Amino acid sequence: MNLGDLPDATAEHHRDYVLRMVEERRVRLVRLWFTDVLGQLKSVAISPVELDAAFEEGVQFDGSAIDGFSRVQESDVLAFPDPNSFQLMAGDRSEDMTARIYCDIANLDGSPFEGDPRQVLRRNLREAAAAGYEFMCAPEVEYFYLASDDSSGAPQPLDHASYFDLTTFDETSDIRRRTIQRLETTGIPVEYAFHEDAPSQHEIDLRYTDALGMADNVMALRMIVREVAMASGVHATFMPKPMEGVQGSGMHTHLSLWQGDTNAFYDADAEYGLSAVARSFIAGVLRHAGEITAVTNQLVNSYKRLVAGFEAPVHISWARNDRSALIRVPVPKRNKEAQGTRIEYRSIDPACNPYLAFSVILAAGLRGIADGAELDPESAENSLTEAERRSGDSALLPNNLSAALDLMEDSELVRTALGEHIFEWFLRNKRAEWGAYRTHVSSFELERYLRAW
Amino acid sequence: MDPLLLWPDPPPNDLVRVLDLAGLPWVAVTDESGTRDLSYSAAVVAADEDPDGGFAMARALRRGDLQSAPVLLMIRGTALADLDGRHDLFDDFCVSPAHPAEFEARVRHLLAADIGGEHASEIIQYGTLVLNLETYQAVIDGQPLDLTYMEYELLKFLAASPGRVFTREILLSRVWGYEYYGGARTVDVHIRRLRAKLGEVHAGLIQTVRSVGYKFGEARWG
């Protein structure tokens with residue numbers, strides 16, 4: 001589904017089609033989208049007459065101000081629009097149409113720019129393809145609607161409903177409905193959407209597609225959710241744990257590998273229908289779970305979600321039914337086993353960079369397959385006492401960003417998956433974030449210690 | 001007169017002999033890139049040795065800028081079933097090995113028929129859905145649909161044969177072509193996106209036929 005996989009002639013038809021659309025629909029502005037290393041969307045707008053040249057030669061810009069793009073010597077890079085990702089901006093029916101198109105970032109000599117997360121995912125997907133696999137993802141994105149983005153006080157939810165509640169006169173369910181409509185007309189199909197457990201918390205489940213397309217979709221989703229909320233004077237946040245005492249927001253992601261039309265995770269004759277490939281993939285992800293967590297959960301705040309008691313995973317295990325396991329193997333619908341066998345990675349949160357997060361999970365799973373890693377038996381629900389869970393550190397996910405960065409720094413797997421440039425920059429940036437947090441005196445401390453000591 | 005375009009390169013000897021004897025100029029190409037900046041009166045795609053390659057070439061010609069040049073497809077009798085669902089790719093066909101006189105007559109007919117220019121309908125219409133094949137625009141209820149290239153191609157293919165059930169495999173080979181490596185679930189992904197863009201009211205235009213594939217057109221009870 002990626003343009004890089006299409007023969008030249010087909011790629012040219014894509015380009016012709018895009019140019020034709022721009023002309024026919026009188027597009028006035030084309031937004032070139034790309035992502036910085038931390039996962040923030042960036043945009044450069046060009047006039048439609050420049051688009052043809054942009055396909056051929058790229059659009060040159062100074063990357064030094066973009067997080068993670070800076071380099072010592074050469075700061076200029078080229079953005080090459082991916083015609084397969086061209087989309088007119090839905091909802092905008094005015095005369096002045098705008099369109100967006102995702103870009104791959106290249107060095108001036110045309111080689112992939114090592115600081116571009118989209119190029120990193122492309123490279124990891126090529127490695128999967130070389131091993132014969134296509135990687136499919138389907139995330140469940142959770143987020144909160146808040147009365148405002150004022151960060152000086154406690155966040156104010158808009159409702160006090162809970163899981164699956166159908167609320168009448170509920171402003172947020174109307175915003176959610178409009179959001180889904182925007183997503184669907186933008187070509188991002190929604191499987192389910194519902195009110196989540198916590199007050200004002202919502203979830204949107206996307207229908208599976210290839211990992212690159214899905215990472216693009218997650219970027220667009222975060223923007224669309226925020227835009228639609230903002231139009232109603234509401235702030236939407238993907239912060240992993242905005243409110244103490246209630247569930248945080250995760251991005252449980254369903255994963256499968258395919259070989260042509262065959263689901264490589266399914267084997268009718270194996271236990272639970274899990275193929276040897278699936279078992280080794282799970283074993284690989286579990287083995288490297290600690291190392292990749294800094295990437296899947298990149299904020300100081302991410303680790304306040306990964307605590308026991310809030311349906312978030314804390315220990316490194318897999319199970320079919322235990323929702324505190326890191327990897328869950330959902331039971332597929334009857335007679336849909338061949339299509340529906342998949343695994344669900346549950347620690348990842350919606351404030352990640354999806355290109356990098358999908359890259360490291362894939363790399364860990366592929367390593368498991370390459371090594372023929374053996375999978376331990378599944379953990380039974382509540383089979384471990386809290387003390388047992390604590391006893392072996394290796395069985396637990398890192399419990400703060402600093403510990404996660406320590407594991408990442410020693411990981412040859414993450415270094416290879418991200419590439420030297422992003423690996424080094426990410427560690428530097430996140431160590432600085434942790435340093436700033438460590439020296440911060442919080443309200444927790446003031447309330448507890450100021451008078452008592 | 002512009003030359004005839006022949007595929008593959010080198011073209012079959014028997015065809016070349018007929019054309020040379022008839023005094024019809026020709027130029028052979030190995031793939032679509034050879035047609036760039038080339039002006040030709042009609043194309044002869046000899047798909048007898050490599051049917052998949054031939055269909056891919058015919059498809060490429062249809063998508064090219066010279067969409068108006070007619071295409072004659074040469075095909076083995078044993079491969080006639082492959083024409084099903086591909087009738088938009090060619091204007092006439094001839095079973096090979098062809099009788100020299102028949103081949104020449106068909107070429108001349110193609111050249112003569114093309115004087116009028118238009119040989120294919122440029123509008124596909126179904127209910128309030130209108131596809132303009134020349135401008136690539138799709139409109140439903142007077143509102144333009146913002147489709148990607150493959151979504152457009154898929155909708156065009158389905159809408160050209162309302163009521164007909166297509167398997168995923170057929171859709172994959174006819175819309176994406178054999179050069180595409182992905183599996184049939186690619187079709188599911190695109191169908192789902194198309195339905196999303198058609199919107200709630202019209203999503204039912206594309207129906208799932210259980211354990212078979214997809215069909216375009218209103219449900220009987222719709």
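Author: Welcome! In chain A, the C-alpha centres of domain 1 and domain 2 lie 28 Å apart. This is a predicted model, in which local features need pLDDT of at least 70, side-chain atom pairs count only at pLDDT 80 or more, and totals for chains, interfaces and linings use all residues. Residues are numbered from 1 along each chain as its sequence is written, while chains are lettered from A and ligands numbered from 1 in the order in which they are written.

Reader: What are the two domains of chain A?

Author: Domain 1 of chain A covers 3–111 and domain 2 covers 124–446; such bounds come from an automatic or database domain assignment.

Reader: Which residue counts describe the contact between domain 1 and domain 2 of chain A?

Author: Eleven residues of domain 1 of chain A are in contact with 14 residues of domain 2 of chain A. Two residues are in contact if their C-beta atoms, placed from the backbone, lie within 7 Å, so each of these residues has a partner meeting that limit.

Reader: What classes make up the side of domain 1 of chain A that touches domain 2 of chain A?

Author: That side has five nonpolar, six polar and no charged residues. Ala, Val, Leu, Ile, Met, Phe, Trp, Tyr, Cys and Pro count as nonpolar, Asp, Glu, Lys and Arg as charged, and the others, Gly among them, as polar.

Reader: How many residues does each chain give to the contact between chain A and chain B?

Author: Chain A gives 27 residues and chain B gives 23. By class, the side of chain A that touches chain B has ten nonpolar, nine polar and eight charged residues.
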